[in-house]
Amino acid sequence: MKILAIDDQQLVLLPLKRRLSELGYEVQTETDALKAKAIFDNFQPDLVIVDINMPVISGIEIIRYIRGTQKSQTPIMVLSGNTDDNLIVESFDLGVEDYMKKPLSLDEVSARVKRLIGATSNQKEVSKNTIIQKRCVGVVIPCYNEEDRLSSKEFTDFVEKHSGYHLCFVNDGSKDNTLHILKELRKGREDYITVYDCEQNGGKAEAVRLGMLHMANYTDLDYIGFLDADLSTDLTDFDDLVKTIETSNFKIVSGSRISRMGANIAKESARQIISLTINYIIRKILKMNFKDTQCGAKIMDKEVIKIAFEERFLTKWLFDVEIFMRIKKHFGAEKADGLICEQPLKRWIHADGSKLSMKDSAKIVFQLGHIAIHYNQQKKIKPNKNFNYAIEPEKVNG
């Protein structure tokens with residue numbers, strides 16, 4: 001039995017195809033709804049699974065084509081994050097057999113498929129249950145000499161369990177074996193892990209900036225964020241930041257290492273004192289009530305990526321402050337306050353081998369002064385409309 005799955009987000013189709021193939025179905029997927037019409041005619045599937053919200057033509061047009069133009073009675077299942085009642089009613093009026101709302105589990109999808117077209121006789125061992133999400137997320141992870149600290153298994157386990165994530169590891173000119181480890185990590189996972197290699201070390205700010213701009217080229221991503229390679233911020237906590245931004249009108253959700261009841265927040269005492277002092281100065285510069293700008297876990301709506309990352313940063317470590325200054329300059333202070341959310345983490349551990357030394361911390365006060373002068377003198381930031389996100393292709397491994 002053959003199934004055609006149509007969705008503009010490849011990260012949705014990957015786990016869906018894997019599960020249905022394990023159940024013994026012959027599966028073909030397509031992200032281009034226009035091409036899907038021709039594939040339907042040639043492939044002649046026993047079942048069509050289609051998303052509703054797609055660019056160029058919607059899933060409704062696909063349904064009309066199958067039921068109206070082709071006069072076909074092939075069973076159709078809608079798999080969509082669109083929960084508009086009128087659209088759901090229209091879908092059933094046009095003749096769909098089922099309407100599945102994202103997020104939902106692959107186990108449920110499998111059960112509904114079997115109910116519609118029956119089970120196959122050649123089912124293989126089925127992988128762990130995964131949730132098909134209604135959003136797709138890119139995560140940039142800057143890496144410099146992370147050979148001894150990179151928890152490869154934690155990353156791979158996470159993306160295999162959580163659908164809709166694409167990880168972009170940026171090798172920032174590492175002098176150890178980091179690049180080799182990243183390439184090995186990517187093998188067999190090319191569809192949702194990318195390695196971006198910078199031959200020269202440019203610092204964390206530039207590594208994150210290049211990674212964010214590179215991920216902005218992926219049309220199927222709704223949100224893009226960044227996370228420290230040492231996982232001092234837990235991946236589950238990062239997923240909580242994503243849940244906040246997708247269920248709100250915030251454009252940036254930033255993790256915060258504020259100690260609170262039930263949270264596991266551990267710092268060295270000396271670092272904590274310095275951190276509190278620096279955060280006080282930052283609040284004075286930003287004139288925003290932020291408790292912790294420097295946490296290395298942030299998620300952003302794709303539409304603010306150009307505003308935040310088009311220009312190179314002034315500093316290598318305080319780029320988080322510059323991001324907020326750029327958003328404030330672009331939208332105005334009052335509106336920016338309503339677009340940025342600070343969310344306390346459940347867990348944050350200072351990892352051994354952190355690149356920011358006590359000596360570096362002493363320089364931060366002077367760098368903050370530089371930032372304050374620079375951005376307070378600037379006029380409102382207007383992103384270049386002709387700006388191209390394209391990154392030199394030879395720098396991207398795969």
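**Ile 323 and the cores**

I started at Ile 323, which touches Phe 226, Ile 252, Met 300, Ala 308, Phe 309 and Phe 313, leaving out residues up to four places away in sequence. Contact here means heavy atoms within 4.5 Å.

A note on what I'm looking at: this is a predicted model, where local features need pLDDT of at least 70, side-chain atom pairs count only at pLDDT 80 or more, and totals for chains, interfaces and linings use all residues. Numbering runs from 1 along each chain as its sequence is written, and side-chain values use heavy atoms, with hydrogens and water left out.

Next I looked up the core around that residue. The largest nonpolar core has 85 residues, and Ile 323 is among those with the most contacts inside it, along with Ile 49, Val 113, Phe 169, Phe 238 and Phe 309. Helix 8 (residues 204–215) gives the largest share of this core, 7 residues. Another core lies apart from it, with 23 residues, including Val 50, Ile 57, Tyr 65 and Tyr 99. For the record, a nonpolar core is a set of buried Ala, Val, Leu, Ile, Met, Phe, Trp, Tyr and Cys residues joined through side-chain atoms within 4.5 Å. Buried means under 20% relative accessible area, exposed over 50%, and partly exposed in between (1.4 Å probe, protein chains only). In soluble globular proteins, nonpolar side chains tend to be buried together.

**Overall tallies**

I count 14 helices and 17 strands in the protein. Both are DSSP runs numbered from the N terminus: helices are H or I with at least four residues, strands are E with at least two. Of the 398 residues, 53% count as buried. Among contacts with a separation of 6 or more, 78% come from residues 24 or more positions apart.

How many residues of strand 10 are buried? I find 6 of the 6 (residues 193–198), so strand 10 is largely enclosed by the rest of the structure. Ile 193, Val 195 and Asp 197 point one way, Thr 194, Tyr 196 and Cys 198 the other, and all are buried.

Strand 10 pairs with strand 9 (residues 165–172) in the parallel sense, over 6 bridges. Pairing needs at least two bridges found by DSSP. Leu 167 stands opposite Ile 193 in strand 10.

Strand 9, helix 7 (residues 178–186) and strand 10 make a right-handed β-α-β unit. Right-handed means that, with the strands pointing away from the viewer, the path from the first strand over the helix to the second runs clockwise.

On helix 7, the buried residues are Thr 178, Ile 181, Leu 182, Leu 185 and Arg 186. They cover an arc of only 135° around the axis, which puts them on the same side of helix 7. The arc is taken from the directions from the helix axis to the C-beta atoms. After helix 7 comes Gly 188, with a positive phi near 80°.

**Cysteines**

I looked for disulfides (a pair of cysteine sulfur atoms within 2.5 Å) and got a count of 0. The sulfur of Cys 168 is 9.2 Å from the closest cysteine sulfur, in Cys 198, too far for a bond. Cys 168 is buried at 0% relative accessible area, and Cys 198 is buried at 6%.

Most residues other than glycine have a negative phi, and most peptide bonds are trans. So I noted the exceptions I came across.

- The peptide bond from Lys 102 to Pro 103 is cis, with omega near -5°. Pro 103 sits in the loop between strand 5 (98–101) and strand 6 (104–105).
- Gln 44 has a positive phi near 50°. Gln 44 is in the loop between helix 2 (33–43) and strand 3 (47–50), and is exposed at 57%.
- Val 56 has a positive phi near 70°. Val 56 lies in the loop between strand 3 and helix 3 (59–69), and is exposed at 73%.

**Gln 28**

Last stop was Gln 28, in strand 2 (residues 26–30). Gln 28 is partly exposed, at 29% relative accessibility. Leaving aside neighbours within four places in sequence, Gln 28 is in contact with Ile 3, Leu 4, Ala 5, Ile 39 and Phe 43. Gln 28 and Phe 43 are 15 residues apart in sequence, and 8.4 Å apart from C-alpha to C-alpha.
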